[in-house]
Amino acid sequence: MKVLFQNSQGKTREIAYVSTIEEANKVINRFCEERNFYIHYKRKWKKDNVTYVDVGSHTEFFHIVEEGK
């Protein structure tokens with residue numbers, strides 16, 4: 001699975017490649033911690049092979065892309 005970050009301008013970049021959803025959550029948590037962003041909540045929804053993760057910024061999102069599905 002690829003973990004992608006979408007910034008407030010809509011540009012997306014890969015930040016990690018992981019094997020499980022648990023690893024993806026750890027990557028997202030670490031990414032936010034490194035940038036001193038406090039996660040107020042996590043809201044997730046899935047469409048096709050992508051899980052979208054909103055961590056409360058209202059303008060930036062994470063995508064967890066399951067490959068081969």
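Predicted model: local features only at pLDDT ≥ 70, side-chain atom pairs only at ≥ 80, totals over all residues.
I took contact to mean heavy atoms within 4.5 Å. Residues are numbered from 1 along each chain as its sequence is written, and side-chain values use heavy atoms, with hydrogens and water left out.

**Entry 1. Glutamate 66**

I looked up the partners of glutamate 66 beyond its neighbours within four places in sequence, and found contacts with Met1, Lys46, Asn49 and Thr51. Glutamate 66 is found in the segment after β5 (61-65); strands are DSSP runs of E with at least two residues, helices are runs of H or I with at least four, and both are numbered from the N terminus. Its relative accessibility is 10%, and glutamate 66 therefore counts as buried. For that term I used under 20% relative accessible area, with exposed as over 50% and partly exposed in between (1.4 Å probe, protein chains only). The side chains of glutamate 66 and lysine 46 are joined by a polar contact of 2.7 Å. A polar contact is a pair of N or O atoms within 3.5 Å; within protein, one must be able to donate a hydrogen and the other to accept it, and residues adjacent in sequence count only if both atoms are side-chain atoms.

**Entry 2. Aromatic rings**

I paired rings of Phe, Tyr and Trp (its six-membered ring) if their centres lie within 6.5 Å, calling planes under 30 degrees apart stacked, over 60 edge-to-face and the rest tilted. By this rule I count five aromatic pairs. One of them is the tilted pair of phenylalanine 5 and phenylalanine 62, at 5.3 Å centre to centre and 50° between the planes. Phenylalanine 5 is in strand β1 (residues 2-6) and phenylalanine 62 in strand β5, so this pair ties together parts that are 57 residues apart in sequence. Both phenylalanine 5 and phenylalanine 62 are buried. The ring centres of tryptophan 45 and phenylalanine 61 are 6.4 Å apart and the planes stand at 75°, so I recorded this pair as edge-to-face. Tryptophan 45, in strand β3 (residues 43-47), is 16 residues apart from phenylalanine 61 in strand β5. Tryptophan 45 counts as partly exposed at 33% relative accessibility.

I also noted that Phe5, Phe31 and Phe62 form one aromatic cluster. Arginine 35 lies over the face of phenylalanine 31, at 3.7 Å from the ring centre; the rule asks for NZ of Lys or CZ of Arg within 6 Å of the ring centre and within 35 degrees of the ring normal.

**Entry 3. Salt bridges**

My search of the whole structure found four salt bridges, each a side-chain nitrogen of Lys or Arg within 4 Å of a carboxyl oxygen of Asp or Glu. Among them, lysine 2 meets glutamate 67, with the closest N and O atoms 3.8 Å apart. Lysine 2 is in strand β1 and glutamate 67 in the segment after β5, 65 residues apart. Arginine 35 forms a salt bridge with glutamate 34 at 3.5 Å between the closest N and O atoms. Aspartate 54 and arginine 43 meet at 3.7 Å, N to O. Aspartate 54 lies in strand β4 and arginine 43 in strand β3. Aspartate 54 is buried at 4% relative accessibility, whereas arginine 43 is partly exposed at 44%.
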